[in-house]
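Colleague: I am new to this structure, and I would like to go through the words used for it one at a time. Could we look at it together and set each word against its definition?

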Protein chains: 2
Amino acid sequence: MDSCLTATLAAQTHEIHLLHVTYGQRTAAREKRACEEVGAALGAKQTLVVSIEHLKVFGASSLTDAARKVEVFDANATGSGEVPSTYVPFRNGNLLAMACSWAEAIGADSVWIGAVQQDSSGYPDCRREFLEAFEKAVNLGTKPDTTIAIRAPLLDLSKTDIVKKALALGAPLAKTWSCYVAETQACGSCESCGLRLRGFAGADAKDPIPYRSP
Amino acid sequence: MDSCLTATLAAQTHEIHLLHVTYGQRTAAREKRACEEVGAALGAKQTLVVSIEHLKVFGASSLTDAARKVEVFDANATGSGEVPSTYVPFRNGNLLAMACSWAEAIGADSVWIGAVQQDSSGYPDCRREFLEAFEKAVNLGTKPDTTIAIRAPLLDLSKTDIVKKALALGAPLAKTWSCYVAETQACGSCESCGLRLRGFAGADAKDPIPYRSP
């Protein structure tokens with residue numbers, strides 16, 4: 001949902017090239033289909049799907065390790081400061097490094113990421129300070145004539161704001177997938193489903209994707 | 001050679017875990033063997049080999065694209081400031097992101113890289129400013145209790161210094177591979193062979209690996 005709105009915003013001013021990364025996450029196949037369908041709906045110039053194995057090989061996350069349990073969403077959690085088990089060590093650093101390589105290879109001026117800092121799971125690689133520091137590193141580590149901006153237009157939005165904005169812009173939300181554990185009907189209870197459903201409830205709208213009966 | 005000396009230095013104070021990445025470079029299989037043999041010689045706790053496809057898929061480098069020509073080394077080049085065709089867009093950003101994920105997953109305190117800034121090919125992702133900026137980004141983008149130092153002990157050494165130091169420490173140079181294009185006998189003429197051979201000549205030593213007859 002976040003990636004979809006981000007791509008919709010990027011498409012307002014840019015020709016867009018979408019990158020989907022399969023890194024051993026449980027719902028990789030469903031996410032890949034979502035990315036391809038969102039790309040088609042937005043008229044993306046290119047939708048590239050690549051596969052990496054290292055994040056799964058390194059382990060340490062319930063998102064890539066079937067033996068670990070994915071936490072159930074707790075709507076009343078007050079923010080313990082604990083990083084959830086679904087955190088994949090430095091995942092966004094890897095995804096951004098990949099996207100920046102591609103951006104430099106094709107001469108793109110910016111890399112857009114659907115990171116959300118507020119109203120999120122508290123992943124450290126979704127914070128503004130990180131994204132700003134990474135942008136600096138990228139521009140020091142690429143060719144002198146390469147300039148790449150890291151854009152994260154959803155950073156300070158709530159999930160409700162995201163749903164409202166996506167609906168207002170006609171972003172193809174029906175093509176998206178958020179569930180961490182299921183691929184046919186969303187589970188409705190993992191952290192990612194919980195945040196998504198809370199966003200739709202806040203926007204007083206119905207989520208168009210299928211959910212398991214409770 | 002640079003990775004080997006770096007690992008040798010790290011092993012003086014740390015338990016070492018070596019990471020080899022196959023990213024579509026021409027001599028990936030030979031490099032992988034070199035990494036495994038260096039790891040065995042140094043008593044590495046673990047030597048992990050992972051494969052990524054995206055750098056090759058993105059293209060834009062003669063190192064991963066057989067249709068592009070690898071430049072011949074020019075010992076008299078005065079440094080045009082041109083980045084050579086073997087530059088893989090933001091490669092070290094990707095390699096460091098991978099290594100930092102692994103470091104966070106296993107609780108390592110540092111990531112060591114054999115980047116050489118002086119006496120090198122002028123790759124932008126081998127510069128001190130980049131490595132320092134990346135270290136900052138990593139520590140902002142990982143868990144609050146994760147601290148990872150990026151160590152590049154060869155940054156300011158010449159290739160001659162590197163060979164001398166490696167010989168003095170008994171680093172397993174005979175196990176290493178540098179050639180960009182050949183896997184059985186080094187070509188002796190690519191940029192990487194040229195820098196290596198100049199290092200051995202400067203150290204008044206004989207390179208133990210096999211080269212094609214000129």
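**Words and the values behind them**

Modeller: Let us begin with A:Phe90, which sits in the loop that lies between H3 and H4 of chain A; please keep in mind throughout that this is a predicted model.

Colleague: Why is A:Phe90 called buried?

Modeller: The word applies to a residue with 20 or more other C-beta atoms within 10 Å of its own. A:Phe90 has 32 other C-beta atoms within 10 Å, and therefore it is buried.

Colleague: What is found for B:Phe90 in chain B?

Modeller: B:Phe90 also takes a positive phi of about 55° without being a glycine, and its place is in the loop between helix H3 (54–58) and helix H4 (91–106) of chain B. With 32 other C-beta atoms within 10 Å, B:Phe90 is buried.

Colleague: Which residues does A:Thr27 contact, once its neighbours within four places in sequence are left aside?

Modeller: They are A:Trp177, A:Cys179, A:Tyr180 and A:Glu183. As for A:Ser178, its C-alpha is 8.9 Å from that of A:Thr27 in space, while the two residues are 151 residues apart in sequence.

Colleague: How do you know that A:Gly39 is buried?

Modeller: The count again decides, because A:Gly39 has 24 other C-beta atoms within 10 Å and is therefore buried. A:Gly39 belongs to helix H2 of chain A and, not counting residues up to four places away in sequence, touches A:Leu18, A:Ala44 and A:Thr47. Between A:Gly39 and A:Leu18 there are 6.7 Å from C-alpha to C-alpha, with the two residues 21 residues apart in sequence.

Colleague: What makes S1(A) and S2(A) a pair?

Modeller: Two strands pair if there are at least two bridges between them, and 6 bridges join S1(A) to S2(A), which run parallel. In S2(A), A:Thr47 is the bridge partner of A:Leu18. Together with H2(A), the two strands S1(A) and S2(A) make a right-handed β-α-β unit.

Colleague: How are S1 and S2 joined in chain B?

Modeller: There, 6 bridges join strand S1 (residues 17–22) of chain B to strand S2 (residues 46–51) of chain B, and the strands run parallel. The chain passes from S1(B) through helix H2 (residues 28–42) of chain B to S2(B), in a β-α-β crossover that is right-handed.

Colleague: How do you know that the length of helix H7 of chain A agrees with what its residues should span?

Modeller: At 1.5 Å a residue, the 12 residues of helix H7 (residues 191–202) of chain A should span 16 Å, and because its end C-alpha atoms are 16 Å apart, the two values agree. H7(A) is also mostly covered, with 9 of its 12 residues buried, and what covers those buried residues includes helix H6 (159–169) of chain A. Just after H7(A), A:Asp204 has a positive phi of about 55°.

Colleague: Why are the two copies said to be related as by a two-fold rotation axis?

Modeller: Chain A is superposed on chain B by a rotation of 180° with 0.0 Å of shift along its axis, at an RMSD of 0.0 Å. The two copies are thus related as by a two-fold rotation axis. Of the residues of chain A, A:Ile52 comes closest to the rotation axis, its C-alpha being at 2.5 Å.

Colleague: How do you know that the copies meet through the same surface?

Modeller: Of the interface residues of chain A, 100% are also interface residues in chain B, so the copies meet through the same surface. The contact takes 38 residues from chain A and 38 residues from chain B. On the side of chain A that touches chain B, the largest share, 10 residues, comes from H4(A), and the residues of that side divide into 22 nonpolar, 9 polar and 7 charged.

Note on methods
Residues are numbered from 1 along each chain as its sequence is written. Chains are lettered from A and ligands numbered from 1 in the order in which they are written. This is a predicted model: local features need pLDDT of at least 70, side-chain atom pairs count only at pLDDT 80 or more; totals for chains, interfaces and linings use all residues. Two residues are in contact if their C-beta atoms, placed from the backbone, lie within 7 Å. Helices (H or I, at least four residues) and strands (E, at least two) are DSSP runs, numbered from the N terminus. Ala, Val, Leu, Ile, Met, Phe, Trp, Tyr, Cys and Pro count as nonpolar, Asp, Glu, Lys and Arg as charged, and the others, Gly among them, as polar. The expected span of a helix is 1.5 Å times one less than its number of residues. A crossover is right-handed if, with the strands pointing away from the viewer, the path from the first strand over the helix to the second runs clockwise. Copies are superposed by least squares on the C-alpha atoms of residues with pLDDT of at least 70 in both.
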